[in-house]
Amino acid sequence: MALKCGIVGLPNVGKSTLFNALSSAKAQAANFPFCTIEPNVGVVTVPDERLTKLAEFVHPERLVPTTIEFVDIAGLVKGASKGEGLGNKFLANIRETDAIIHVVRCFDDPNIVHVHGDVNPIRDKEIIDYELQIKDLETIEAKLTKSQRAAYIGDKDAKKLVDVLTGLKSHLEQGKSARSLHLDKEEFKLIEDMWLLTIKPVIYVCNVDEKEIHVENDFVKQLKNAVKDEDAEVIIVSANIESEIAQLDSYEDKKLFLEDLGLKESGLNTLIRAGYKLLNLITYFTAGVKEVRAWPIHKGTLAPGAAGVIHSDFEKGFIRAEVIKYNDYLKYGSEAACKEAGKLNVEGKEYLVEDGDVMHFRFNV
């Protein structure tokens with residue numbers, strides 16, 4: 001379950017600079033792969049020290065980290081919903097993503113002309129929001145017309161859907177995104193297959209000048225205040241710094257570069273952590289001589305569901321899970337030693353998987 005994020009933003013906000021830096025970022029270790037699927041899609045590995053620590057004990061043939069896919073969404077300009085820019089070409093790409101990374105310009109530089117003449121992060125955010133809201137309104141209105149017909153002839157499910165769609169339509173017409181409307185689980189399930197654009201979770205990336213990477217400048221403060229009621233993450237990144245990091249070959253060089261700037265981690269790592277938090281993801285591990293592998297799952301997943309991420313047969317024929325806590329694995333150094341120390345627990349179908357669990361599944365199909 002690789003995390004897939006679409007990067008959006010107006011021209012000259014640093015979106016392309018950030019995407020190019022992210023998609024050319026070298027992995028943290030030599031056997032961590034990087035690839036580009038298409039010119040506008042980059043896949044990078046999720047840095048996780050726990051994976052490499054486990055490998056030091058197990059000595060596997062290979063490491064398989066979790067990956068995150070970044071999609072550069074082109075064509076989002078003012079009027080895109082009416083065909084300006086690349087118009088509808090961006091829609092399919094956004095609909096396929098788990099989350100939207102909205103890059104907003106939060107720096108002033110007379111040498112980089114803003115497409116609308118001046119730097120105004122709230123206006124820029126609202127332009128993108130408007131284009132996505134217009135597309136969602138088109139989707140909702142088309143579905144509403146069909147549902148109203150079905151409801152008229154007595155379809156009870158259609159009546160429920162009409163109520164939800166009517167509320168969504170009114171919400172969007174007020175200039176608000178679908179994600180800010182509270183829907184319960186049943187209501188959300190009714191509209192899930194519509195793949196609404198504005199219901200997707202958002203990470204706002206404030207692109208700042210490298211001199212302001214440690215502070216919240218006025219532009220950042222304005223944006224944070226504007227999105228305080230949204231269920232969104234806001235992070236500060238300098239696309240220029242990320243470009244410089246991407247040009248460094250080794251992990252050690254990158255670490256020294258960040259230390260010189262007084263940074264604990266790169267913007268890429270910050271972005272990945274924000275994405276995991278926003279989507280409520282955790283990681284469990286499998287560790288054997290063939291491979292040590294990281295598996296992302298949603299927080300709250302039970303053992304059979306976690307097994308199903310590996311293969312549907314694992315979930316279907318689930319018998320039990322053998323679980324070692326990550327810290328115990330580090331303390332005792334091997335599965336056998338953990339078992340001898342009584343730190344290997346046998347868990348059933350109701351076991352709630354925790355972040356960092358090292359797991360082995362028994363199943364029979």
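Visitor: What do I need to know about the model before we start?
Guide: It is predicted, so local features need pLDDT of at least 70 and side-chain atom pairs count only at pLDDT 80 or more, while totals for chains, interfaces and linings use all residues. Residues are numbered from 1 along each chain as its sequence is written, and side-chain values use heavy atoms, with hydrogens and water left out.

Visitor: How many salt bridges does the structure hold?
Guide: There are 25. A salt bridge here is a side-chain nitrogen of Lys or Arg within 4 Å of a carboxyl oxygen of Asp or Glu.

Visitor: Which residue does Glu138 form a salt bridge with?
Guide: Lys135, with 3.4 Å between the closest N and O atoms. Both residues lie in helix α4 (residues 121-152), three residues apart, or about one turn of the helix. Helices (H or I, at least four residues) and strands (E, at least two) are DSSP runs, numbered from the N terminus.

Visitor: Is Lys135 buried or exposed?
Guide: Lys135 is buried, at 7% relative accessibility. Glu138 is partly exposed, at 39%. Buried means under 20% relative accessible area, exposed means over 50%, and partly exposed lies in between (1.4 Å probe, protein chains only).

Visitor: What about Glu233 and Lys277, how far apart are they N to O?
Guide: Their side chains meet in a salt bridge at 3.7 Å. Glu233 is in strand β8 (residues 232-237) and Lys277 is in helix α10 (residues 267-278), so this pair ties together parts that are 44 residues apart in sequence.

Visitor: And which of the accessibility classes does Glu233 count in?
Guide: Glu233 counts as buried, with 17% relative accessibility.

Visitor: Where does Glu322 find its salt bridge?
Guide: With the side chain of Arg320, at 3.8 Å from N to O. Glu322 is buried at 11% relative accessibility, and Arg320 is partly exposed with a relative accessible area of 32%.

Visitor: Which residues are linked in a network of salt bridges?
Guide: Lys125, Asp129, Arg179 and Glu230. Asp129 and Arg179 turn up again among the residues lining the largest cavity.

Visitor: OK, cavities then. How many of 30 Å³ or more does a search of the whole structure find?
Guide: One. A cavity, on a 1 Å grid over the protein atoms alone, is a set of points where a 1.4 Å probe fits but cannot get out, and lining residues have an atom within 4 Å of a point.

Visitor: What volume does the largest cavity have?
Guide: About 40 Å³. Grid points are joined across faces, edges and corners, and the volume is the space filled by probe spheres set on the points.

Visitor: What is it lined by?
Guide: The lining of the largest cavity consists of Ile100, His102, Ile128, Asp129, Leu132, Arg179, Val202 and Tyr204. By class, five are nonpolar, one is polar and two are charged. Ala, Val, Leu, Ile, Met, Phe, Trp, Tyr, Cys and Pro count as nonpolar, Asp, Glu, Lys and Arg as charged, and the others, Gly among them, as polar.

Visitor: Which element gives the largest share of that lining?
Guide: α4, with three residues. β6 (99-105), α4 and β7 (202-207) each supply at least two.

Visitor: Change of topic. Where is Thr97?
Guide: Thr97 sits in the loop between α3 (89-95) and β6, and it is buried at 4% relative accessibility. Its side chain reaches the backbone oxygen of Ile94 at 2.7 Å.

Visitor: What else does Thr97 touch?
Guide: Setting aside residues up to four places away in sequence, Thr97 touches Lys4, Cys5, Gly6 and Lys200. Contact means heavy atoms within 4.5 Å.

Visitor: Last one: what phi does His59 have?
Guide: A positive one, about 55°, although His59 is not a glycine. His59 lies in the loop between α2 (49-58) and β4 (62-64) and counts as exposed at 61% relative accessibility. Asn280 also has a positive phi, about 60°, and is not a glycine. Asn280 is in the loop between α10 and β9 (281-287) and is partly exposed at 40%.

Conventions
1 Å grid on protein atoms, 1.4 Å probe; cavity = no way out; pocket = protein on both sides within 12 Å on 5 of 7 lines; lining within 4 Å. Polar contact = N/O pair within 3.5 Å; in protein donor to acceptor, adjacent residues only side chain to side chain.
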